[in-house]
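Please view the sequence and the structure together before reading on.

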Amino acid sequence: MNRIEKIFGILLIGDLVTYTEAIGKCPPGHFECFNGKCIKRGWFCDEGNDCEDNSDERYCNIGRPDICPIGWKKCQNEIRCIPAHWMCDNITDCQDRSDEKNCVYGECSGDFKCFNDKCIKRGRFCDNTNDCGDNSDERYCNVDSRDGCPTGWKKCLNEIQCIPAHWMCDNITDCQDQSDEKNCGNEVLRIPGVVTARLALIRWFLQRRLNSTTSKWGPQLNRIAVALHLAEDGVFALESNIRQEMTYELTIKLLNKLNNERLNAEELALYVHALLVTCVDVRDFYGRDLVKELRVKVEETRNYTNPFLMLVLCNAGDAMTVKDVEEVVAAFNSPKKIPWTDVQALATMALACLSSRQNVPVDEDVLEDMLGQLKRQQFSNGSLDNFRTTALVVQALLIHHSYKTNFDLTSAIKILMNSQEMESSLLNAYYVLPVLSNKSLLNVTSAHCPRETKTGNIIFKAF
């Protein structure tokens, strides 16, 4: 594995570890291995491969120039990395004890701060015992439904218990009725196996990088860039080698195509999406407004509008119109276009993007009806025709969390996880990876890019 792949792989794995520990798959006092196994925290960096993938020992004795995974911190001696949420938690993990130096424990990281500033374990909150000494850990555990909660607290759905607001949707149940962890919008990521499948698919993408001096990522780089961005928040906001390499190659490929051949609308749209996520100015690409050029191509084919093109224009911030809404709805209702369900899913995402524009009126009932029609096309085994269609429909149903009713999300996700074992095609992976990250093509944006400071036509910031 070369240096770029190694660094990028570490960043991706680090984000995954941060996420899996955050969702609380392992009980308190444990470390979650990269393979999903839970081990006791005391076994971390004990020179034994307790995880069986060595992730509990991998960052225990590193070189000073080496990088920690995202979501981890380096000890002061710079030879060990530990999960960031282990810093200042009253448990020593660094050999030099630097993780517990200069800490302000009054904030009670991960625990409950009593009104008298005492810290108690979160598990002692509402356990019918006055652990705080001032009864603040029990005071709001059984209140009258008409009573309010303290500032910064929220009421559980049963209206008889209050909990700190930052405990809502943190994947740890605190309300007696479990309502603090309901309707949190991350059901995809909770499905067993998704985190592992996501990491495996990211690795599959990275392995496609070639040792070529001219084309390291191949002709599908535009799709690879978008898929990796949706799988890993902020990858292209970092001043990393991988971002610079992809940006350079995308730029060279597109310049060659613009100068030597006529791009069709869909090809141009794919490049616009890729340039957005790699922080390239699509409004001034070496003097060319690519968004305007895409709009012209769309107008040239008004007999039928590909909803993917509308989605890209909307994501790129183009001025959208009522006519665009009509075209998207017409595309959804056009059964002559094959594959029809794919078109419908893309049309639904395009309409959802249009509905977010204040100057474009969209009938929300129409959007809800489109979502309902997509759900009714699911087969009993959870699929919708094929892997690509299943992935696109799930992406669309992330809108308003529509998958929560009349749709078997778990079976659909399992189909998609199996798809990578049965048919590892880049096109399938391009649509599946965002789903495994609880994302969709609606999430393609340049919002993660730093404030615009142009160097040539690439948007950079002094990091």
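## Basis and overall composition

The model is predicted, so local features need pLDDT of at least 70 and side-chain atom pairs count only at pLDDT 80 or more, while totals for chains, interfaces and linings use all residues. Residues are numbered from 1 along each chain as its sequence is written, and side-chain values use heavy atoms, with hydrogens and water left out.

The chain contains 14 helices and 10 strands, these being DSSP runs numbered from the N terminus (helices: H or I, at least four residues; strands: E, at least two). Of its 463 residues, 52% are buried; buried means under 20% relative accessible area, exposed over 50%, and partly exposed in between (1.4 Å probe, protein chains only). The accessible surface is about 21900 Å², and carbon and sulfur atoms account for 49% of this area, calculated by the Shrake-Rupley method with a 1.4 Å probe. Contact means heavy atoms within 4.5 Å. Among contacts between residues at least 6 apart in sequence, 52% join residues at least 24 apart.

## Nonpolar cores

In soluble globular proteins, nonpolar side chains tend to be buried together. A nonpolar core is here a set of buried Ala, Val, Leu, Ile, Met, Phe, Trp, Tyr and Cys residues joined through side-chain atoms within 4.5 Å. The largest core has 95 residues, of which Phe-205, Phe-308, Phe-407, Ile-413 and Leu-441 touch the most other members. Helix 6 (residues 265-277) supplies the largest share of this core, 10 residues. Apart from this core lies another, of 17 residues, including Cys-45, Cys-51, Cys-75 and Ile-82.

Leaving aside neighbours within four places in sequence, the contacts of Phe-308 are Glu-266, Ala-269, Leu-270, His-273, Leu-346, Tyr-430 and Leu-441.

## Annotated positions

An unreviewed UniProt entry annotates Asp-342 and Asn-386 as "binding site"; such annotations may be inferred rather than shown by experiment, and positions follow the numbering used here, with feature names shortened. Although the annotated residues are spread over 45 residues of sequence, they cluster in space, with a largest C-alpha distance of 10.0 Å.

Asp-342 lies in helix 10 (residues 340-355) and counts as buried because its relative accessibility is 4%. Asn-386, in the loop between helix 11 (364-375) and helix 12 (387-397), is partly exposed at 38% relative accessibility. Not counting residues up to four places away in sequence, Asp-342 touches Arg-388, Thr-389 and Leu-392.

## Salt bridges

A salt bridge is a side-chain nitrogen of Lys or Arg within 4 Å of a carboxyl oxygen of Asp or Glu; by this rule there are 14. Arg-388 and Asp-342 form one of these, at 3.2 Å from N to O. The pair links distant parts of the chain, with Arg-388 in helix 12 and Asp-342 in helix 10, 46 residues apart. Arg-388 is partly exposed, at 25% relative accessibility.

Glu-245 and Arg-209 also form a salt bridge, with the closest N and O atoms 2.6 Å apart. Glu-245 is buried at 12% relative accessibility, and Arg-209 is buried at 10%. Within helix 5, Lys-253 and Glu-249 lie 4 residues apart, about one turn of the helix; their side chains meet in a salt bridge of 3.7 Å, N to O, and both residues are buried.

## A strand residue

Lys-154 lies in strand 7 (residues 153-155) and is partly exposed at 47% relative accessibility. Beyond four places in sequence, its contacts include Cys-149, Gln-161 and Met-168. Lys-154 and Met-168 are 14 residues apart in sequence and 8.0 Å apart in space, C-alpha to C-alpha.
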